[in-house]
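Visitor: Hi! Could you walk me through this one?
Guide: Happy to, here it is.

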Amino acid sequence: MNAITDGKPIYIQVKEWIENRIIKGVWKTGDQLPSLRELSAEFRINQNTIVRTYEAIVHDGTAYSVRGMGYYVSDCALESILQRRRQEFYNSTLPRFLNQISALGIDPVEIANDYLLKLKDNESKP
């Protein structure tokens, strides 16, 4: 079972869950996504919320529907998700992060050095 948390609308959380699975390669172009019934059972939420989720991912180009068959990952889903998330990072997350380090008096060079160390650590792991 997947946990729904407070703070974001439930349909957005389910949408992000679907997008994360596409990013990780669990679902690829042309793969059928779970049915409304399957996802509502997975998250223990109303099917109308899943309908809203699927409407959102169709609207943004992540998936397309085939009447009577279900929803499928679109050809440009991965690129679309990554582009949208990068834009959100640069427009929202990064400015908040920079404001936070400034408020805490953290030297940006210190952050850069820590980041490089973490990259090296990740490269050395099997």
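Guide: We'll go through a helix, a residue packed against it, and a hairpin.
Guide: This is a predicted model, where local features need pLDDT of at least 70, side-chain atom pairs count only at pLDDT 80 or more, and totals for chains, interfaces and linings use all residues. Residues are numbered from 1 along each chain as its sequence is written, and side-chain values use heavy atoms, leaving out hydrogens and water.

Visitor: Which residues are buried in helix 1?
Guide: They are Tyr-11, Gln-13, Val-14, Lys-15, Trp-17, Ile-18, Glu-19 and Ile-22. Buried means under 20% relative accessible area (1.4 Å probe, protein chains only), and helices (H or I, at least four residues) and strands (E, at least two) are DSSP runs numbered from the N terminus.

Visitor: And what covers them?
Guide: The cover includes helix 2 (36–43), helix 3 (47–59), strand 2 (70–73) and helix 4 (77–104).

Visitor: Where does Thr-53 sit?
Guide: Thr-53 is in helix 3, and it counts as buried because its relative accessibility is 0%. Beyond neighbours within four places in sequence, Thr-53 is in contact with Tyr-11, Val-14, Lys-15 and Ile-18; contact means heavy atoms within 4.5 Å.

Visitor: New topic: in what sense do strand 1 and strand 2 pair?
Guide: Antiparallel, over four bridges; pairing needs at least two DSSP bridges between the strands. Val-66 has Gly-70 of strand 2 as its bridge partner.

Visitor: What phi does Gly-68 take in that hairpin?
Guide: A positive one, near 80°. Three residues lie between the strands there, and Met-69 is also found in the loop between strand 1 (63–66) and strand 2.

Conventions. Buried < 20%, exposed > 50% of the residue type's maximum accessible area, 1.4 Å probe, protein only.
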